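Work through the exercises below with the model open. Each task is followed by a worked solution.

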Amino acid sequence: MERRSIGSGPLRVGAIGLGCMPMSWAYAPSRRRGEESVRTVHTALDLGANLLDTADMYGPFTNELVVGRVLRERRADAFVSAKVGLRAGEQHVVADGRPGYVRRACDASLRRLRTDVIDLYQLHRVDPEVPVEETWGAMAELVSAGKVRALGYCALGAGAGPGAGRRGDRAYGTTLRHLERVQQVFPVSAVQAELSVWSPEAAWQLLPWCAARGVGMLAAMPLGSGFLTGTLTPGEGFESQDVRARHPRFTAYAMAANQQLVAGLRRVARRHGEVGGVPVTAAQVALAWVLAQGPHVVPVPGAGRAHWAAENARAAEVRLTAGDLAEIAALPAAVGAWD
């Protein structure tokens, strides 16, 4: 698989990563299978999708334990991306950026991941009660201590919901101000934000900042939380603990209206024929679109099954033409926004 840089240093990863969150958090609890999750991680590594994106709050904690089972055997094959700064309670999630908590959380993640170093440690959420420079400074100390190799900033949940970019630069304004502040403390190697065909705002607002500074971008939810795969049926519904049950783009009406996006991706896929002897899919075209946004962009699609991880990894072989990109750009904006 093609390799891409994370930051201006020597960190390089497969062009497509693996989002591990669906294995134990946010989506369809009844479909989670521990052994299948382990197989999924192994499959991703086998195909070169070596960036494994996890967090202590996924589960909480169980996601890191799953990844740790694989790292025990294959640490040299993996690039580990973990997060700190959110604590999951019984009814809610709270930000915690206290330096002491950051240090304790890192040590706990290292134990669960069965490794002595985390390749990329991301600030999951800024704590409004703690100056971001203090939190980032504690994370920088972990680099000096040899427990972490590089630092990243996670812009997910930062107030930039789908469609927000059309209001101008207000969507990621706070994120950009935080990035400028922490950059003065210790270099940012990567920024993670939602980026997909139906949520392109980060490409307009965050990617220029990253490109100008040699900072990598991790594209979260590049498959639109599964919608852009074309495998979800409008009106089918979701389990109550599935975040999509409360997402305005996953109402029956919005899903039906947004089928135009999937149809457009399928048209492009048909023109590309096969990859690895298998017909190109809408999901692979959606990932190829993300890859085409820049050489330092790494899509991190979530997957809880080995065959999905394999399909996602093979998207790195799909090369979209200028005509393909223009056709995708002309697709209608998605129906259903947070605002």
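Buried means under 20% relative accessible area, exposed means over 50%, and partly exposed lies in between (1.4 Å probe, protein chains only). Helices (H or I, at least four residues) and strands (E, at least two) are DSSP runs, numbered from the N terminus. The model is predicted: local features need pLDDT of at least 70, side-chain atom pairs count only at pLDDT 80 or more, and totals for chains, interfaces and linings use all residues. Residues are numbered from 1 along each chain as its sequence is written, and side-chain values use heavy atoms, with hydrogens and water left out.

**Exercise 1. Examine strand 9.**

Task: decide how enclosed strand 9 is, then name its neighbours in the sheet.

Solution. Take burial first. Strand 9 spans residues 148-154, and six of its seven residues are buried, so the strand is largely enclosed by the rest of the structure. On one side, five bridges join strand 9 to strand 8 (residues 118-123), in parallel. Q122 faces G152 there. The chain gets from strand 8 to strand 9 through helix 4 (residues 132-144), and this β-α-β crossover is right-handed. That is, with the strands pointing away from the viewer, the path from the first strand over the helix to the second runs clockwise. Strand 9 also runs parallel to strand 10, with three bridges. Y153 stands opposite V191 of strand 10. Strand 10 (residues 190-194) in turn pairs with strand 11 (residues 216-220) over five parallel bridges, where A193 has A219 as bridge partner.

**Exercise 2. Find the cores.**

Task: which residues touch the most other members of the largest nonpolar core?

Solution. A nonpolar core is a set of buried Ala, Val, Leu, Ile, Met, Phe, Trp, Tyr and Cys residues joined through side-chain atoms within 4.5 Å. The largest holds 92 residues, and L18, L52, Y121, L195 and I328 touch the most other members. Helix 10 gives the most to this core: nine residues. A second, separate core has 11 residues, including I6, L51, L218 and V300.

**Exercise 3. Compare salt bridges.**

Solution. A salt bridge puts a side-chain nitrogen of Lys or Arg within 4 Å of a carboxyl oxygen of Asp or Glu. The structure holds 19. E133 sits in helix 4 and R181 in helix 5 (residues 173-183), so the pair ties together parts 48 residues apart in sequence. E133 is partly exposed at 29% relative accessibility, and R181 is partly exposed at 36%. R244 is buried at 11%, and D242 is buried at 1%. Elsewhere, salt bridges that share partners join R267, R271, D324 and E327 into one network.

Methods:
Two strands pair if DSSP finds at least two bridges between them.
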